[in-house]
Amino acid sequence: MAAVLEFEGITKHYRRRVGLRPEPLVALEDFSLAVERGEIFGFLGPNGAGKTTAIHIAMGFTRPTRGAGRMLGRAFGHAPTRARVGFLAENVALYHRPARKLVAFYGALNGMRGRFLRERVRQVLEELELTADAGRNAGRFSRGMQQRVGLAQALVNDPELLMLDEPTSALDPLGRVAVRELLLKARERGKTVFLSSHLLSEVELICDRVGILHRGRLVRVAKTGDLLERHDQSELAVRNVAPAMFPGAEARDGVVQFTVPRAAQRAAIERVWAAGGEIVAVNPARRSLEEIFVEMTSESGSNQ
Amino acid sequence: MRPVVLIAGNFLREQRWFVLVLLVWVFGSAALFGLDERLSRDDALFFLRQQAAYAVALPVLIAAGAIHQERRSRRILAVLSKAVERGQYLAGLLLGSASLGVIAAVSVCIAGWWMAARVHWPGAHLPAYALLLMAAAALVASLAIFFSTFLHPLLAASATVIAVAAQLGLEGASGVEALPATALVHALFGFQFQPEWHAPSTAAGLALGEALLLWLAATAVFERRDVAMAAE
């Protein structure tokens, strides 16, 4: 599949002033990544890992110290290509204009005009449940509503690629569900989403692949399913056996669940049968994304 | 061209309270001076020159802080995430700042016309005077925008003043005619309501040409700058 976003060996050093002396700050170090068309890519990392810097380099806001990259087949910073991209910044800042006019302004900057622009503005405001407030000054909205207007301006040009930096950080649970559905719909329509987020449960739910960045280096990239599954462990769900038979087993609603090493799976099943129990399910054991994130970004994990 | 006009319009809209204060100031002070029965020709001239100075200074103040303000508020990110070149963005800010100068120039000249009529002076040269003011506003705004691509707003405004003062200091030197500031300053602040006054149209043209060159130079600098304010 074709890559719509490619970072090739990107390094970015900033100069941070400590006292009178500027000190170099490494934001990204030899960062390479390819995001394929039609996927939702989750971009994770602790604060200061370099996620926003990577997005800013891709959008052309910041120049890399070394390396290069391509967005939709063109070098980073190519302005006409950005007409096919939607971007939402981490902290949304809006001009003091009615939401409808503001979204139309951003659409017009992308070359949209006339009835087509008006119709798209109406659609995105409706999708983000902003129709009732479309005539109000967006600069005075609550943070959550500003984030929705920010999403509306990112979506108004019906972009092929969405670059979203913490798009749901200020939203309430209902707003998050709505955005999640919006992103899933976008994927169904063949759009690509590059999603930077701290909300790991959300990333786990919707992302096809995940990349974990730590101290400017990409420490892991994998399909979400592959990342979460523990191939060396199996999770068994059984009935009619005493939980005490298996160490670490938990009983819930009459179903006993426990994890065993893959090599011991057959023996465990035979023990259940021998005890007169019934096998309900056998699956590869799963870890949460949070566990993996902590492991990857902790000192020992990141040094592995 | 459309993004430039959109950005300029938006910029001007953001400054709407400033524009309102400017209009109240110009017409309010015109009323204060002009309705005085003791208004003399010297008073009318003083008013016009004083307001012209403000009309030239205003775009400097606004333009010098424009980029910094947009970067600090992070509003620049949403604008430059669209199909907008850095040069178009700067042209939008420049057009917006210069438009403030145009509004100031027109209002100053309307108020000046009324005051000239009160002291029975001809106001026939005032449209040409307004055009000179606009050219001067465009020149100083482009200087301020250029300096603000790499300097703090305060330093950019100071650098603009120094650059204009340096041109004035070079008066009489050979080749200085190519720099229009001296001719514009003389014309704007040596203005008399006399039929023999002539607007230096060459200087006005040169000012616009210089503004264009400064925009090109500002674009060259700004294209190499990181617009996101700070590292994570």
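From the N terminus on, the elements of chain B in this predicted model run α-α-α-α-α-α-α-α-α. In other words, chain B has nine helices and zero strands. Its radius of gyration is 19 Å, close to the 17 Å that the globule rule gives for 232 residues, so chain B is as compact as a globular protein of that length. Along the principal axes, the C-alpha atoms of chain B fill a box of roughly 65 × 45 × 30 Å. Of the 232 residues in chain B, 46% count as buried. Among the contacts in chain B with a separation of 6 or more, 82% come from residues 24 or more positions apart.

Is B:Ser29 buried, partly exposed or exposed? B:Ser29 has 15 C-beta neighbours inside 10 Å, so it counts as partly exposed. Its C-alpha atom is separated by 8.5 Å from that of B:Phe47, 18 residues apart along the chain.

Now to chain A and its sheets. Four strands of chain A form an open sheet in the order β2-β1-β4-β5, with antiparallel pairing. Its edge strands are β2 (21-36) and β5 (74-75), each pairing on one side only. Six strands of chain A form another open sheet, in the order β6-β7-β8-β3-β9-β10, and here the pairing is mixed. The edges of this one are β6 (85-88) and β10 (217-223) of chain A.

| Strand pair | Direction | Bridges |
|---|---|---|
| β1(A) and β2(A) | antiparallel | twelve |
| β4(A) and β5(A) | antiparallel | two |
| β6(A) and β7(A) | parallel | four |

A:Glu6 has A:Ala34 in β2(A) as its bridge partner, while A:Arg70 is partnered by A:Ala75 in β5(A). In β7(A), A:Leu162 is the residue opposite A:Gly86. The hairpin of β1(A) and β2(A) has two residues between the strands, and A:Gly19 there takes a positive phi near 65 degrees.

Helices of chain A pack on these strands. Helix α1 (residues 51-59) of chain A lies across β1 (3-18), β2 and β4 of chain A, at about 120 degrees to β1(A). On the six-stranded sheet, α1(A) touches β3 (40-44), β6, β7, β8 (192-196) and β9 (209-214) of chain A, and its direction makes about 145 degrees with that of β7(A). Helix α5 (residues 173-188) of chain A lies across β3, β7 and β8 of chain A, running at about 145 degrees to β8(A).

How do the chains meet? 29 residues of chain A are in contact with 22 residues of chain B. On the chain A side, β2, α1 and α2 (99-109) each supply at least two residues. That side divides into 16 nonpolar, eleven polar and two charged residues.

Leaving aside neighbours within four places in sequence, B:Leu133 is in contact with B:Ala52, B:Ala55, B:Val56, B:Ala105, B:Val108 and B:Leu188.

Note on methods
Residues are numbered from 1 along each chain as its sequence is written. Chains are lettered from A and ligands numbered from 1 in the order in which they are written. This is a predicted model: local features need pLDDT of at least 70, side-chain atom pairs count only at pLDDT 80 or more; totals for chains, interfaces and linings use all residues. Two strands pair if DSSP finds at least two bridges between them. Two residues are in contact if their C-beta atoms, placed from the backbone, lie within 7 Å. Axes are lines fitted to C-alpha atoms, for helices over the stretch in contact, and angles run from 0 to 180 degrees between N-to-C directions. A residue is buried if 20 or more other C-beta atoms lie within 10 Å of its own, exposed if 12 or fewer, and partly exposed in between; C-beta atoms are placed from the backbone. The radius of gyration is taken over C-alpha atoms; the globule rule is 2.2 Å times the number of residues to the power 0.38. Ala, Val, Leu, Ile, Met, Phe, Trp, Tyr, Cys and Pro count as nonpolar, Asp, Glu, Lys and Arg as charged, and the others, Gly among them, as polar.
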